[in-house]
Amino acid sequence: STTVYNGSATPNARPYTACSLANIEYVNRSDTAPVYRGPTDTNFSVLPNFVPSSSCNSLRSYGDFLIALNMTEGGVSLPTRVRYSDLALSNQIPSTWDATDLTNSAGFNDIVQMKTPIVDGQSLGTNFFIYSSDQVWQMEFVGGAFIFNFRKAFDNCGVINANCITEHGGKHFVFDNDDIYMHDG
């Protein structure tokens, strides 16, 4: 976890996540809406078409999508919600996150069987893995009306905090509460 200071003597220990998609850089903290910077921008700006009055604990890229994990929407905590954007075009932010508009690919899934809140996620090959403190779920692109399929991958391990997963050699190396483990899905 990265500690970010808010200008006071007391550190703000909320981790931030960062990713890139379609030549755009994204940074996210759980207490604010995500920000982005394009290839010709000099500053970061608030992501204009993110879900209104919302934030997420982790923002990651997967294929041509942005994935928001562990949402707070309109002041309501949705700790097992996975929200995904519409497809992103080169050098552009995704056009929408509106799951009610059936003309795009944006949507969400509440993993109601997940026992603890989502901590982070990471791509691995053609799949995306969603980590809580004690479970791992696999998200795979299937296209069509459902777009993504979700299934439990592991029930006896998770991740200790955001930014504690790395990919190397086709495997995830993960810092768990009790151990460091690796898997290939």
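A salt bridge is taken here as a side-chain nitrogen of Lys or Arg within 4 Å of a carboxyl oxygen of Asp or Glu. The model is predicted, so local features need pLDDT of at least 70 and side-chain atom pairs count only at pLDDT 80 or more, while totals for chains, interfaces and linings use all residues. Residues are numbered from 1 along each chain as its sequence is written, and side-chain values use heavy atoms, with hydrogens and water left out.

Seven salt bridges are found in a search of the whole structure. In one of them, the side chains of glutamate 73 and arginine 83 meet with an N to O distance of 2.9 Å. This pair links distant parts of the chain, with glutamate 73 in strand β8 (residues 65–73) and arginine 83 in strand β9 (residues 76–84), ten residues apart. Strands (E, at least two residues) and helices (H or I, at least four) are DSSP runs, numbered from the N terminus. Glutamate 73 has a relative accessible area of 15% and is therefore buried; arginine 83, with 6%, is also buried. For these classes, buried means under 20% relative accessible area, exposed means over 50%, and partly exposed lies in between (1.4 Å probe, protein chains only).

A salt bridge also joins aspartate 110 to arginine 81, whose closest N and O atoms are 2.7 Å apart. Aspartate 110 lies in strand β10 (residues 107–110) and arginine 81 in strand β9, so this pair ties together parts that are 29 residues apart in sequence. The relative accessible area of aspartate 110 is 28%, which means that this residue is partly exposed. Arginine 81 is buried, at 9%. Glu73, Arg81, Arg83 and Asp110 are linked in a network of salt bridges.

A further salt bridge is formed by the side chains of lysine 115 and aspartate 155, at 3.4 Å from N to O. Here too the pair links distant parts of the chain: lysine 115 is in the loop between β10 and β11 (118–124), and aspartate 155 is in the loop between β14 (147–154) and β15 (165–168), 40 residues apart. Lysine 115 counts as exposed because its relative accessibility is 55%, whereas aspartate 155, at 38%, counts as partly exposed.

Threonine 17 is placed in strand β3 (residues 16–21). Its relative accessible area is 1%, so threonine 17 is buried. The side chain of threonine 17 reaches the backbone nitrogen of leucine 59 at 3.1 Å. This is a polar contact, defined as a pair of N or O atoms within 3.5 Å; within protein, one atom must be able to donate a hydrogen and the other to accept it, and residues adjacent in sequence count only if both atoms are side-chain atoms. Leaving aside residues up to four places away in sequence, threonine 17 touches Tyr26, Val27, Asn28, Asn57, Ser58, Leu59, Arg60, Asp120, Ala162 and Asn163, where contact means heavy atoms within 4.5 Å.

The structure holds zero disulfides (a disulfide being a pair of cysteine sulfur atoms within 2.5 Å). For cysteine 19, which is in no disulfide, the nearest cysteine sulfur is that of cysteine 56, 9.2 Å away. Cysteine 19 counts as buried, at 10% relative accessibility. Cysteine 164 is likewise in no disulfide, and the nearest cysteine sulfur, that of cysteine 157, is 14 Å away. Cysteine 164 counts as buried at 12% relative accessibility.

A nonpolar patch on the surface is formed by Ile160, Phe175 and Ile180, which together have about 300 Å² of accessible area. Patches are made of residues with over 30% relative accessible area and no salt bridge, like charges being joined within 9 Å and nonpolar side chains (Val, Leu, Ile, Met, Phe, Trp, Tyr) within 5 Å. Accessible areas come from the Shrake-Rupley method with a 1.4 Å probe, and for residues only the protein chains shown count as cover. Isoleucine 160 is in the loop between β14 and β15 and, at 47% relative accessibility, counts as partly exposed.

Backbone torsions were also examined. Most residues other than glycine have a negative phi. Alanine 22, although not a glycine, has a positive phi of about 55°. Alanine 22 is found in the loop between β3 and β4 (24–29) and is partly exposed, with a relative accessible area of 22%. Isoleucine 147 also has a positive phi, near 65°. Isoleucine 147 lies in strand β14 and counts as buried at 11% relative accessibility.
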